[in-house]
Amino acid sequence: MTAQDPRDRSVLVVGASAGGLATAEALRRLGHRGRLTFVESGVHLPYDRPPLSKQFLSGEWERERVALRDDTVLAQLEAQFVLGERAVALETVTRTVETDMWRSFTADAVVIATGVDARWLPGAQDLFGVHTLRSLDDAVALRGQLEKRGPLVVVGNGVLGSEIAATAAQRGIDTTLVGSSATPMAGSLGHVGSAVLARRHQEAGVRLIGGKRVRALRGRSGRVRTVELSDGTELDAATVVIAVGSEPQTSWLVDSGLTIDDGVVCDEYCRAGEGIWAVGDVARWQHIGLDQRLRLENRTNAAEQGLAVARDILGEGAPYTPLPYFWSDQYGQRVQVYGSMADADHVALVDGALEDDRFVLEGSKDGEPIGVLGWAMPKQARLRTRPLLDRIKTRSASALGPAD
Ligand SMILES: Cc1cc2nc3c(=O)[nH]c(=O)nc-3n(C[C@H](O)[C@H](O)[C@H](O)COP(=O)(O)OP(=O)(O)OC[C@H]3O[C@@H](n4cnc5c(N)ncnc54)[C@H](O)[C@@H]3O)c2cc1C
């Protein structure tokens with residue numbers, strides 16, 4: 001980077017969504033006054049993705065409400081938004097980003113905030129009625145399709161698939177949720193929380209099929225008609241949503257020389273190269289408090305990591321060591337997980353009652369606390385996170401070594 005005052009450095013953010021916007025806003029808050037440019041392949045100003053599978057899909061919210069900021073607040077950022085232009089290459093020595101419109105943008109600092117994209121099943125894209133849900137345009141299309149009613153099959157029983165099934169069932173749509181885990185979101189809630197979620201789905205009329213994979217989608221006249229499972233079961237479908245995970249948006253970086261390995265590989269400061277950072281869903285950084293490389297796909301991380309990256313661009317950085325956290329809203333209730341529940345070998349109920357759908361679980365492994373799950377009990381859950389935070393703090397301090 002050039003040797004000027006870091007507050008005057010030009011910053012180019014590739015991807016104008018939660019992570020990129022959080023970085024830009026934190027920069028300005030911390031006194032950055034240099035040129036700030038966003039290059040974004042989509043045509044919309046920054047919007048929030050969590051409501052797309054919930055309030056927007058249910059019809060409760062219209063598209064204006066998913067905007068992350070209103071126009072006045074965005075104008076105050078004094079940033080240039082280059083929309084509808086995809087970054088196709090990064091030259092790391094000069095920090096120059098080329099776009100598909102044959103333009104190039106050079107800056108003192110580049111922030112890679114390109115997120116992830118939905119993974120498809122082979123051949124599924126050719127059939128009408130088959131959807132994924134990642135962008136606002138995806139959500140508009142899916143919402144329109146659901147209005148036609150007809151049976152819905154959601155393929156993938158992770159967080160996103162479970163949310164879509166919950167929203168659709170509450171709209172009165174005949175919904176089946178199919179996935180490879182035995183119960184929904186078992187990979188993130190652990191078996192106890194997942195069993196409660198399974199009950200909630202069943203009470204709402206969702207048909208759950210666990211431990212099964214999809215063999216094929218079959219159509220007639222170009223429209224999807226059935227979903228065939230690995231055991232030969234055939235499910236009628238007017239609409240299919242594929243929610244089988246995501247791929248980090250890194251194809252534009254293949255020739256950059258940066259290390260790409262299920263995301264942009266970064267050090268503990270989220271630096272991917274000289275004057276280059278990655279933030280949000282796309283970033284796989286070294287978490288020194290957990291002693292592992294981590295890539296988190298959640299909204300809170302995008303915001304917190306944006307702040308950490310902004311500080312580092314301004315020369316005030318510190319290793320980024322958050323307590324992993326995510327939330328999901330289903331059936332009007334907030335489910336929160338701190339740390340990891342899926343890896344727990346012991347789960348204890350520490351507050352509330354499972355049958356009331358208000359409770360807090362603590363997960364431990366080899367006798368050490370590793371996770372907290374709160375179900376409609378946000379305050380009580382947060383209060384239980386102290387041992388998890390302390391452990392990260394202690395390990396981070398020992399990784400950094402004694403201060404001089
Ligand atoms: C439907 C849905 C529901 C969700 N619900 C929850 C939830 O309940 N709780 C939770 O914690 N998290 C949730 N998430 C996850 C959360 O939205 C993400 O973690 C967050 O959006 C990550 O922000 P990001 O900026 O890293 O990436 P993204 O939001 O994916 O943004 C990346 C941006 O980069 C742009 N881009 C990609 N490639 C290029 C390129 N080559 N050139 C230019 N621009 C490019 C994309 O168009 C996009 O705008 C949900 C996500 C979805 C899709």
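Good morning. In this predicted model, local features need pLDDT of at least 70 and side-chain atom pairs count only at pLDDT 80 or more, while totals for chains, interfaces and linings use all residues. Residues are numbered from 1 along each chain as its sequence is written, and side-chain values use heavy atoms, with hydrogens and water left out.

I begin with the rings. A pair of aromatic rings is described by the distance of the centres and the angle of the planes. Rings of Phe, Tyr and Trp (its six-membered ring) pair if their centres lie within 6.5 Å; planes under 30 degrees apart count as stacked, over 60 as edge-to-face and the rest as tilted. How many aromatic pairs does this rule give? The count is four. In one of them, the ring centres of Trp285 and Tyr320 are 4.9 Å apart and the planes stand at 40°, so this pair is tilted. Trp285 belongs to strand β21 (residues 283-287), whereas Tyr320 lies in the loop between α7 (299-313) and β23 (325-330), so the pair ties together parts that are 35 residues apart in sequence. Here helices (H or I, at least four residues) and strands (E, at least two) are DSSP runs, numbered from the N terminus.

Are Trp285 and Tyr320 buried or exposed? Both are buried, where buried means under 20% relative accessible area, exposed over 50%, and partly exposed in between (1.4 Å probe, protein chains only).

Tyr325 and Tyr338 form a further tilted pair, because their centres are 4.6 Å apart and their planes are at 35°. Tyr325 lies in strand β23 and Tyr338 in strand β24 (residues 333-339). Tyr325 is buried, at 16% relative accessible area, and Tyr338 is also buried, at 9%.

I now turn to the sheet. Six strands form an open sheet in the order β3-β2-β1-β7-β20-β19, with mixed pairing; two strands pair if DSSP finds at least two bridges between them. Its edge strands, β3 (80-83) and β19, each pair on one side only. Strands β1 (residues 11-14) and β7 (residues 109-112) pair in the parallel sense over four bridges, and Val14 stands opposite Ile112 in β7.

Finally, Arg143 lies over the face of Phe56, at 4.3 Å from the ring centre. For such a charge, NZ of Lys or CZ of Arg must be within 6 Å of the ring centre and within 35 degrees of the ring normal. Arg271 likewise lies over the face of Tyr269, at 4.2 Å from the ring centre. Thank you.
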